[in-house]
Amino acid sequence: TKAKSHNRVKSRECVFEKHHIIPSCIGGGDENSNLVLLTPREHYIAHRLLVKMYPSSMGLNKAVWVFLNTGKDIVINSKSYEIYRSKVSQSMRENNPMFNSQNVSKFKISLGLAIDSGFKPFLATEEGKAMSSTRMKSDQHPMKNPISVAKKIQTDKDRGNESWMTTDKGKKYFSKKWQSDQHPLKLNPWNTHTSYSLEVELVDGTIMQYKMLKLFYEEHNINKDVAAKIIRTGIIPKKHQKKFKRITKICAEK
């Protein structure tokens, strides 16, 4: 009543929080007559009193628990903490599907039936593979869809780095690369193994070894495509000659 009579309005100068006079968890609605602006202190006190009025309401107990975990300077005694924590824990046990014994039993039965019947995801079936393959070869390929491409370009711009792959030069480069013998799946080491070791000699004479190419380019902040090209050709670009003297692939034993 006090808050209603003040005709409060949210502003930068005054901090108010919206409160349901009759909580929604016990039947209150969102109409203006059931809403009021309270100060943070009033709001917390109101919910503490509501829990005393309706101690069995899980919704109200959860609301107080939220107050205690919002980073506000609220101090309660250990007994109150135990009460609210126990109520929330009880609610999680009763409402969490994976804590419900009936739901868990149903899940195990359905999973068992699926395994026993040789269940496979649709995309793992021959029909699913054929459908996916046809789609990716047709005009339904995501990267042939102008809307998908436009979204990708916009996303890159929003992140502050326009993708080089979406430029005319990038498209031309990757088109030629993937149609030639430079396709990653046509190159070693991909024919035999998925990674290989490197021996790197810095200009100061330091020699370092890496078990994986990934570790090398992450530590030295070098583009993985550039790193792969150096390994393949043995030529270090001028940009990297100030740091690297030699980068050698250590062939793994087959």
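Analyst: A pocket here is found on a 1 Å grid over the protein atoms alone, as an open set of points where a 1.4 Å probe fits, with protein on both sides within 12 Å along at least five of seven lines, and its lining residues have an atom within 4 Å of a point. The model is predicted, so local features need pLDDT of at least 70 and side-chain atom pairs count only at pLDDT 80 or more, while totals for chains, interfaces and linings use all residues. Residues are numbered from 1 along each chain as its sequence is written, and side-chain values use heavy atoms, with hydrogens and water left out.

User: Which residues lie nearest the centre of the second largest pocket?

Analyst: Thr1, His19, Val36, Leu38 and Ala46 do, out of a lining of 14 residues. The space in this pocket is about 320 Å³, a volume being the space filled by probe spheres set on the points, with grid points joined across faces, edges and corners.

User: Which element gives the most to that lining?

Analyst: H2 does, with six residues. Helix H1 (2-5), strand S2 (35-38) and helix H2 (40-53) each supply at least two; helices (H or I, at least four residues) and strands (E, at least two) are DSSP runs, numbered from the N terminus.

User: And how do the lining residues divide by type?

Analyst: There are nine nonpolar, two polar and three charged residues in the lining, where Ala, Val, Leu, Ile, Met, Phe, Trp, Tyr, Cys and Pro count as nonpolar, Asp, Glu, Lys and Arg as charged, and the others, Gly among them, as polar.

User: Where does threonine 1 sit?

Analyst: Threonine 1 belongs to the segment before H1, and its C-alpha atom is separated by 9.1 Å from that of valine 36, which is 35 residues away along the chain. Threonine 1 counts as exposed, at 87% relative accessibility; buried means under 20% relative accessible area, exposed over 50%, and partly exposed in between (1.4 Å probe, protein chains only).

User: Back to H2: is histidine 43 buried or exposed?

Analyst: Histidine 43, which is found in helix H2, is buried, with a relative accessible area of 9%. Not counting residues up to four places away in sequence, histidine 43 touches Glu17, Lys18, His19, Leu38 and Phe67, a contact meaning heavy atoms within 4.5 Å.

User: How many bridges join S3 and S4?

Analyst: Strand S3 (residues 197-202) pairs with S4 over four bridges in the antiparallel sense; two strands pair if DSSP finds at least two bridges between them. Glutamate 201 stands opposite isoleucine 207 in S4, and in the hairpin, which has four residues between the strands, glycine 205 takes a positive phi near 95°.

User: Which phi does asparagine 7 have?

Analyst: Asparagine 7 has a positive phi of about 50° although it is not a glycine. Most residues other than glycine have a negative phi. Asparagine 7 lies in the loop between H1 and strand S1 (17-20) and counts as exposed, at 64% relative accessibility.

User: What about asparagine 221?

Analyst: Asparagine 221 has a positive phi of about 55°, lies in the loop between helix H9 (213-219) and helix H10 (224-233), and is exposed at 72% relative accessibility.
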